[in-house]
Amino acid sequence: MSSADFYPTSPKDALAALYVGKSIRHVPTPAAVINVAAARRNCARMLQACEELSLGWRAHVKTHKVATPPRQLCTARRVTVELARLQVGTDASRPVNLIVSTLAEAEFLLPMLAEYRSHGRRVNVLYGLPIAQNAMSRLAAIAKALGEGSVSVLLDDPAQLAVVSRFQALSGVVPHAHIKIDMGGRRAGVAEDGARFLELAEAALDAHSRGAVILSGLYSHAGHSYRGDSRVAAIKMMKEEISAMLKAADRLRARATEKALSNPPSLVVSAGASPTALSVQNLLASNEDGADNVTPELQAETESLSTLFSLVKERGHAVEIHAGVYPTLDLQQLAAHSISSSRLSWGDIALTVLAEVHSIYPGRGADGTAEALIGSGGLALGREVCKAYDGMAMLTPWGRTGVELPQCNVEDFQGWVVGRFSQEHGILTWRSSKAGSGPTPEQGMIEVGQKVRLWPNHACIASSHFGWYFVVDEDRTGREDEIVDIWTKARGW
């Protein structure tokens, strides 16, 4: 049974009737706001990069999943149909390849996926956790609705092949399978150079030869790339991912040859977290940057990554890139500096959290600066840190006369940040920059009753307790604050 039977989505039509055409200044707070113009740009850039570099693309839809009010004690998820459509684009020749973090997301997107399938687009949904017994019936129902080739699973334990062996009987569909490679994060997966990988590969090849699964490739997630601080660092981490999986793919291919399989697997090397996935755009961006911004080291690393992509293909494998938070971006992505500021800057952050100022506390902060109370705390902003500063969010210039969009790096931001917080409260504190750039406390002062917008550290977590997004479009000159749509989201696990 679908989780939608127990966690119905918010009523989009009723919300649209109530709010579309109004300003975001007039909605209850806290609220999640999406600037669809920025999301369009971010999605288009990623699709363009994969197209020009002849790379496969798989969109992780978890960044924009939904929420249930916390008092209902159900799990929050964030996927919207509208943003998923931007992620896969309109090119009918490009497959609709997705990663979901929960079965609820796949069930929520099922009508959209069936629509794409009926129009001739290939569809494949990869369930982003190593497969478990309790996922089988619901995942099989999705495969039954969409047909052959529509569902992929992750493997990181030989015992999972016994679980997957039931899939075809339940759905009539043979599932595709990727072996999950651990890049050192020790979250999920196996190391490509270990004995456990060979044990898993042997079991997977046996299942493939029997027709129980279609062994499709290797999959990695470079979560450590969030700690990067430059374009060079992001490219190097992408190279680490691709290199590790190329070795694994070659080992799989060699073992398949030794076993003389009649149906040897065709393997995809699927790599990415948003910083490393974004880094591939550096291979296209040299014409935008100017010679002064392309160092010899950056030039060498981009050429090295391009050569590595070619090597994977020369050895008979395919390259696929995947990412999740890139449509909305956030402060963590700015702090990773994985691509040029012409493609990732303050104005490209599509998600903000709308809050109201409840109280001002003159002189209470450091060096006699003021502090302020806003009605957005841990439940609205999440609890993830950003390595560039101490705080949970930064205040945007929106609605504050004389305050402009920052031109500095995120590390040099000067202005209001959410320096402390509790469940429902956020405390705005003044952050001074060593670079001395940005507004002064007097220029940036706020007042009780004022609505403000916040850039969150991590968009996935920040959006997780909101039932819908208020959508605005900055490309509508003079009407940038007008709500143009409501995007509702999947709920539950």
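In which loop is Thr-102 found? In this model, Thr-102 is found in the loop between strand 3 and helix 4, where helices (H or I, at least four residues) and strands (E, at least two) are DSSP runs numbered from the N terminus. The model is a predicted one, in which local features need pLDDT of at least 70 and side-chain atom pairs count only at pLDDT 80 or more, whereas totals for chains, interfaces and linings use all residues. Residues are numbered from 1 along each chain as its sequence is written, and side-chain values use heavy atoms, with hydrogens and water left out.

At 3% relative accessibility, Thr-102 counts as buried, a class defined as under 20% relative accessible area, with exposed meaning over 50% and partly exposed lying in between (1.4 Å probe, protein chains only). The side chain of Thr-102 is joined to that of Glu-105 by a polar contact of 3.1 Å; such a contact is a pair of N or O atoms within 3.5 Å, of which, within protein, one must be able to donate a hydrogen and the other to accept it, and residues adjacent in sequence count only if both atoms are side-chain atoms. Helix 4 itself lies across strand 3 (96–100) and strand 4, and runs at about 170 degrees to strand 3, with axes taken as lines fitted to C-alpha atoms, for helices over the stretch in contact, and angles running from 0 to 180 degrees between N-to-C directions.

The barrel is closed by eight strands in the order 2-3-4-5-6-7-8-9, with parallel pairing, and the twist from one strand to the next averages 30 degrees. Strands are taken to pair if DSSP finds at least two bridges between them; strand 5 and strand 6 (residues 176–181) pair in the parallel sense over four bridges, and Leu-155 stands opposite Ile-179 in strand 6.

In helix 5 (residues 136–146), the buried residues are Met-136, Arg-138, Leu-139, Ala-140, Ile-142, Ala-143 and Leu-146. Their cover, for which contact means heavy atoms within 4.5 Å, includes helix 4 (103–118), strand 4 (123–130), strand 5 (151–155), helix 6 (160–164) and helix 7 (167–171). Helix 5 is followed by Gly-147, which has a positive phi, near 95 degrees.

With a disulfide defined as a pair of cysteine sulfur atoms within 2.5 Å, the count comes to zero. Cys-43 is in no disulfide, the nearest cysteine sulfur being that of Cys-50, 12 Å away, and at 1% relative accessibility Cys-43 counts as buried. Cys-386 is likewise in no disulfide, with the nearest cysteine sulfur, that of Cys-408, 12 Å away; at 4% relative accessibility, Cys-386 counts as buried.
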